Amino acid sequence: MDTFFKHTDLNRNEAEQIVSETLNKCDDGELYLENSKSELLVLDDNKIKTTSYNTSLGYGLRAVTGDVTAYSHSNEISKHSLKESSNNLFSTLKSKKGTYNHSISRTNVKLYSDINPIEAKPLKAKIDILKKVDEYLRKKENKVKQVTASFLGRHEEIEILRCGGETFKDIRPLIRFNVSVMVEKNGRKEMGTFGTGGRMSYDDYLKDENWKKICDEALKQAQVNLDSKPAPAGEMKVVLGPGWPGILLHEAIGHGLEGDFNRKKTSAFHNLMNQKVAREDITIVDDGTIANRRGSLTIDDEGTPTSRTVLIENGILKNYIQDRLNARLMNMKSTGNGRRESFEHMPMPRMTNTFMVNGRHTQEEMIKSVDKGIFAVSFGGGQVDITSGKFVFNCTEAYQIENGKITFSVKGATLIGNGPDILTKVSMVGNDMKLDPGIGTCGKNGQTVPVGVGQPSMLIDQIIVGGTKL
Amino acid sequence: MIKDKKFLEKIASNCIDKAKKLGATDCEVIVSNSISETANFRNKNIDESKRSDGIGIEISTYIQKKKSNISSSNINEGNLDSLITRCIEMTKVTPEDEYNSLPDKDLFATKHKDLELYDETSISNEKKIDYLKQAEESAFQDKRITNTEGSSFTQVKDNFVLANSLGFSMGYQSSIYSASCEIIAKSNGSMERDYEYTQKRFFSDLKPPGTLGNKAAERAIKKLNPKKIKSEKIPIIFEKRVAKSLLDPFADAISASSFARGTSFLKDKLNKNIFSKDINIIDDPLISKALGSQIFDSEGVKSSKVTLVKEGSLENLLLDTYYGKILKMKSNGRSGGTTNLYFENGTKSFKELLNTHTKALYINELIGRGANIITGDYSVGASGMLIENGEFSYPINEITIAGNLSEMFNNITLANDLEFSYVTNSPTLMIEGMVVAGK
C-alpha cells in the first residue's frame, strides 16, 4: 500500500515530477516523507496518569546548492502544498546553479524488523506491567515513596524521493521503558532512575520479568544516594564505570567531530585531522550498524546506509561524522550520519552509537591507583560548548575513593572538563566495554534523536568535580 | 496564510461532537496552526532558509473518571474519526482516576482585553537577510572576530482554539519575532563563542541589528584567554541572562504536581519564609506585548497576576485543575506552567552590587542542568569574570558553582535593573555562600 499518496490529490508520478523539476539544477536535495505513530503510557503516584497516542504525517522538501540550503515542510501532502514548497525553495536558490549528485549507495542489510511495537502488545497488557512495577517496588522496600514508570513506543515509516525518481525506504520501530523511584529515610529524599530500550518489541526487553532488573537498578541508585555525603570540590582523579558514562565521550569528543562544526571551523578539532589527539590505546568509533540498537539505522535520513566509522584510531584523529552536504563541501564521503528529528527538520551530521573500544586494564586496578578521587557509575544529562570545548555532565551515582578504596557515596555533582584535553588525560582504559542500556537522547540545534553510547571503565587523571566540600 | 478562527473552531466542535457520539462524557480539543519562517546567514551569505507550516490537534476524552488523549498533525476527517475512535477505546481500558475532570465552569476565561500579542507585519526573506547582514557586519568590525556560527532571524505566527464539552471555546493569534547572532573570537590561540539575542511580539520592538552584532562581538571578546581559579567559597553575581535560570527550579518546586507528589524540597514551605524579607516573586500573564502573556491557561482557566513570594514568604503555588484537586485548592490558571515570571527589583544599583565585596565572581554563562528539586542540591558548569574592588578583572572558565537551593534562596540580594527581555526575568542578583570548584 502506498502510505503517502493514499488520501491525497497528489499521485506518486506527480510528486516525482515536482521533485525532479525542483532539484535538477541543485547540487542535492530530496523529498522526505514520514508517517509516524507513537504512544506514551505513564504510571505515576500509584495511578495510570497518561495513556496517549500520536500520529504524524508530512513531508519536508530540501534543496541544496553550494553551501546554501532551502527547506519547506508541511503536514498537508497535496499537489498545492508541494508546489508552494517548491516555489519557496526556488525563490531562495534562484541565483545559484548546481549539478545534482545522483550517487548514493544501497544496502541489502536490515538492522531491525518491520514490527509495529505499539500494536504488538495490547494496551491492557502494558498497563498491567506498569501496575506490577509500582507494586513490586513499593512491596520490595518500604522507603519507596514515589514510583514513575513509563512506556514509549514508536513506529516510523519514511521514504526518501530523490531527483530522477530514486526512492529509499525504511521502517523504524523504537521502544523505551523507564523507571524512577523516590525513597525517603528520616525526612531525606533521593531519586534513582533506570531504563532500557531499542528497536525491538516491548516483549523482547521485558520478557521473563526482565523489567524487575530495571526496577532493582533504579532502586539501588536511590538507596545509594540516601546515604551520600557532600561531594568534594576541585580538580581530582575520576574513575568512570563502563556503559552509560560513555555519554562523556559523546559530549566531549563526539559533537566536536561532527562535520558541520569542522567545515565551519568552529570546532576545537577542525585542524587536527590525522594528528594525535589522544593516548595510543584510545580508539573511538561511531557505529550505526549494530542490530536493534537505539542509535542504529539501516539508512540515515538522506538515504545513505549507516556505517562503522573509526573516528579516533590509536590516538590519531581519522574521520569526521558526515552528512551529504558537509561531506561534499569538505571533499569527503557521507558516513551515513545525516539525521533529522522528523520531516519538520533538515538533516545534519549526528551521532548513532558512539563508543570507546576495549583497552587492557581492570576497573580494580584503576580504583587501587587513586589516592583521592571519585568513582562515577551513572550520569544524568550532559552538555558541550563546541567552540571552547567545555563540557559538563551530572553524576547520579558516584562514590568517593580514598587510598585505593571506595569509601562512601557522594551527592550528585557536575563534572566539567575540556573536550580536546580530556583524552590526553585518560591514563587507563579498561577491558570491560559495555554499551548503554538503550536510553540515550541527543539534542542539537533544537532537534532530538535517539543515540547510543558506550565505553569500558576509564581513569581520568584530572577533571573538575563540582561538589560543595572544600 | 495562517488558518482563521472559524476554520479551527469548526474542527474542534466536530471532534467534540464525534467523541460524545462515541461515548465520551467529556472532551477537550486544542487545534493550532503555526507558520514559521527562518533565514540563517553566515559569512556574508544566506546559509539556510526554512518555512514550516504546521497544524496540530490534541484531543482528550473522558468517560466519567477515565481519561486518554491523542494528538496528530493530520486533520484529514477520516484520520480524525479513526483517532477519536481509538482514543475512546483507550479511555475504556485506562483505569479510573478520581481527580480527572475538566475545570470548574466558573473558572473559565470570558471576555478579555487585548494583550497586543499579534503583529500583522510580515518580514520578507530579503528583509530578514538585510537585518542579519547588518548584524554580522557590526560584529566583524573588531579584528578579533574571525568566524561565525551564523545569525538567524525567525518570524512565527500562531493561531489556536481551545474548546471543551462544557461550552468553552476561545482562541487568539500571536506572533513572535526573534533574531540571534552567534560569533567566534580568536586571539593568542584562544577561541571563544558567544551570542546576543532579541525576541519580541512586535517586529518594531526588536533590537537594531547593529546593537545585536556589537553586543555578540563584545561578549565573545571579553571571554578570550580565560584563566582558571582555585576552589573556594566566594560571592557570586549572576548576570540577568543567567540569573533568571534560578527561577526555573523554583517554579518546578512550587508546581502543584511537585507538592502533590511529594517531590519538592519546598513541600512544607507554603506560607513560610524561603527567601530573605526583600524578595518578591510575581507571575503576571496580563502584561501587554510580553512574551509569556496569556489570557487563559492550557485548560481554558482564566489567568491573572499572582504573587508567588511576598517579602520572602511563599504565598501561592502554580495550580492546575488535576493537582489542585488533590491538594484541595482551586486552579489559578497555571496548567502549562508560569507566564511572565520575575523577581521584583531590589534596592541596590548594579554598581553597588559589584562593590559589595572586594572580590566576587560575575557569572554570565551556565552550562548543564544541575538542579535537583527533590533535594535542592545545585551544581552547574559556569564561566564569567573575576571582580576585584568593584571592577571586572579577567575572564574565568571551566569552573562549577554549587550549593543547596534552600540556602541559596535565603542568600539572594537583588539589583534594581529588571528588564523584560525574556519570558522569565530577573534583575542582576548576588548569592553569598556558594562553592566554586576550580583547579
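# Notebook: chains A and B of a predicted model

**Domains of chain A.** I looked up the division of chain A first, and found domain 1 (117–157 + 171–226) and domain 2 (233–466), with bounds that come from an automatic or database domain assignment. The model is predicted, so I noted that local features need pLDDT of at least 70, that side-chain atom pairs count only at pLDDT 80 or more, and that totals for chains, interfaces and linings use all residues. Residues are numbered from 1 along each chain as its sequence is written, while chains are lettered from A and ligands numbered from 1 in the order in which they are written.

I then checked how the two domains of chain A sit together: their C-alpha centres lie 26 Å apart. Their contact takes 12 residues from domain 1 and 12 residues from domain 2, where two residues are in contact if their C-beta atoms, placed from the backbone, lie within 7 Å. On the domain 1 side, β5 (167–185), β6 (188–198) and α6 (211–226) of chain A each supply at least two residues, and the largest share, 5 residues, comes from β6(A). Helices (H or I, at least four residues) and strands (E, at least two) are DSSP runs, numbered from the N terminus.

**Chain A as a whole.** I counted 11 helices and 22 strands in chain A. Its C-alpha trace spans about 70 × 55 × 35 Å along the principal axes. I compared the radius of gyration, taken over C-alpha atoms, with the globule rule of 2.2 Å times the number of residues to the power 0.38: a compact globule of 470 residues would have a value near 23 Å, and the 24 Å of chain A agrees with this. Buried residues make up 59% of the 470 residues in chain A; a residue is buried if 20 or more other C-beta atoms lie within 10 Å of its own, exposed if 12 or fewer, and partly exposed in between, with C-beta atoms placed from the backbone.

**Where chain A meets chain B.** I found that this contact takes 60 residues from each of the two chains, B and A. On the side of chain B, strand β2 (residues 45–63) gives the most, with 11 residues. I also looked at pairing, which needs at least two DSSP bridges between two strands: strand β3 (residues 68–74) of chain A runs parallel to β2(B), joined by 6 bridges. Within these strands, A:Tyr71 stands opposite B:Lys50 in β2(B).

**Nonpolar cores.** A nonpolar core is a set of buried Ala, Val, Leu, Ile, Met, Phe, Trp, Tyr and Cys residues joined through C-beta atoms within 7 Å. The largest has 155 residues, and those with the most contacts inside it include A:Val133, A:Leu415 and B:Ile236. Another core, of 51 residues, lies apart from it, with A:Tyr71 and B:Leu212 among them. Returning to B:Ile236, I listed its contacts, not counting residues up to four places away in sequence, and they include B:Ala360, B:Ile401 and B:Met434.

Most residues other than glycine have a negative phi. I noted that A:Lys265, not a glycine, has a positive phi of about 55°; it is in the loop between α8 (259–263) and β8 (284–287) of chain A, and is partly exposed, with 14 other C-beta atoms within 10 Å. Phi of A:Asn292 is also positive, near 70°, and A:Asn292 lies in the loop between β8 and β9 (308–313) of chain A. With 14 C-beta neighbours inside 10 Å, A:Asn292 counts as partly exposed.
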